[in-house]
Amino acid sequence: MQTTPRRLSADERRRQLFDVALELFAERGFEAATMDEIAERAGVTKPLLYQHFPSKRGLYLELVDSVAEELLGSISEAAASAVGPRQQVEDGFAAYFRMVVTHEAAFRLLYGSRPADDELGVALRRVEDAIAVAIDPLIAAGLGDEHRRFLAYAVVGMAEGASRHWIETRSVRGDACDAEHEAQRLARQLADLAWAGLRAVHAD
């Protein structure tokens, strides 16, 4: 007996459209992706898509805010529950790499091709600013605010570069890996480097 597929609730449909848009923006970039493609891939009409998201720009900005909020929450929670500053650094990195390993589309949304639109570019830069602010307190005390923030941005850049390399070489390694173990491994390796460097920093 054939059953009729269950109709999605408004919240479930919005979540589905959100997820489809994330994958498409990560894959094609803001300029290339269209609302027509999002609707087609989600299996809905364009008018239905516009009922949930009035514009492509608004949808993109909401996605960036959502991904950033989730990432920052994970980093803050991991660092807050760690024992000691060294473990805080490693656990913060682990939260970051967990996103890279398990949700590549989210990473590509934040760190992929930057939109030419100034407002959208500013929104993405705010994410980097917020991550640097979250890392700032983990850096050794005794440094001036400007010095410490400078190093926080350096650590953010280091994590981004390492993540890009990991994603680009994924096909060489093969995709079969335990996500949590891989995130912890990457975090431990980068934390070793970052912590050794941060402990050697001299105040101005």
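In this predicted model, helix 5 covers residues 85–102 and contains 18 residues. The distance from its first C-alpha to its last is 26 Å, close to the 26 Å expected at 1.5 Å a residue. Its buried residues include the run Val 89, Glu 90, Asp 91, Gly 92, Phe 93, Ala 94, Ala 95, Tyr 96 and Phe 97. Met 99, Val 100 and Val 101 of helix 5 are buried as well.

Helix 10 (residues 179–199) was examined in the same way. Its 21 residues should span 30 Å at 1.5 Å a residue, and the end C-alpha atoms are 29 Å apart, which agrees. Buried positions in helix 10 are Glu 182, Ala 183, Leu 186, Ala 187, Leu 190, Ala 191, Ala 194, Trp 195 and Leu 198.

The mean pLDDT is 84, and 91% of the residues reach 70 or more. Where pLDDT is low, the predicted coordinates should not be read in detail.

Lys 56 lies in helix 4 (residues 56–81). This lysine is buried yet has no salt bridge. The nearest side chain of opposite charge, that of Glu 31, is 7.0 Å away. A polar atom of the Lys 56 side chain lies 2.8 Å from the backbone oxygen of Phe 30, and the backbone oxygen of Ala 33 likewise lies 2.8 Å from a polar atom of this side chain. Leaving aside residues up to four places away in sequence, Lys 56 touches Phe 25, Phe 30, Glu 31, Ala 33, Thr 34 and Met 35.

The model contains 14 salt bridges. One of them joins the side chains of Asp 19 and Arg 15, with an N to O distance of 2.8 Å. Both residues lie in helix 1 (residues 10–32), four residues apart, about one turn of the helix. Asp 19 is partly exposed at 36% relative accessible area, and Arg 15 is partly exposed at 42%. In helix 8 (residues 145–168), Arg 164 and Glu 160 are also four residues apart, and their closest N and O atoms are 2.9 Å apart in a salt bridge. Arg 164 is partly exposed at 32%, whereas Glu 160, at 16%, counts as buried. Arg 28 forms a salt bridge with Glu 37 at 3.3 Å. Asp 136, Asp 145, Arg 148 and Arg 149 are linked in a network of salt bridges.

How values were computed
Residues are numbered from 1 along each chain as its sequence is written. This is a predicted model: local features need pLDDT of at least 70, side-chain atom pairs count only at pLDDT 80 or more; totals for chains, interfaces and linings use all residues. Side-chain values use heavy atoms; hydrogens and water are left out. Helices (H or I, at least four residues) and strands (E, at least two) are DSSP runs, numbered from the N terminus. The expected span of a helix is 1.5 Å times one less than its number of residues. Buried means under 20% relative accessible area, exposed over 50%, partly exposed in between (1.4 Å probe, protein chains only). pLDDT is the predictor's confidence in each residue, from 0 to 100. Lys and Arg count as positive and Asp and Glu as negative; His and the chain ends are not counted. A salt bridge is a side-chain nitrogen of Lys or Arg within 4 Å of a carboxyl oxygen of Asp or Glu. A polar contact is a pair of N or O atoms within 3.5 Å; within protein, one must be able to donate a hydrogen and the other to accept it, and residues adjacent in sequence count only if both atoms are side-chain atoms. Contact means heavy atoms within 4.5 Å.
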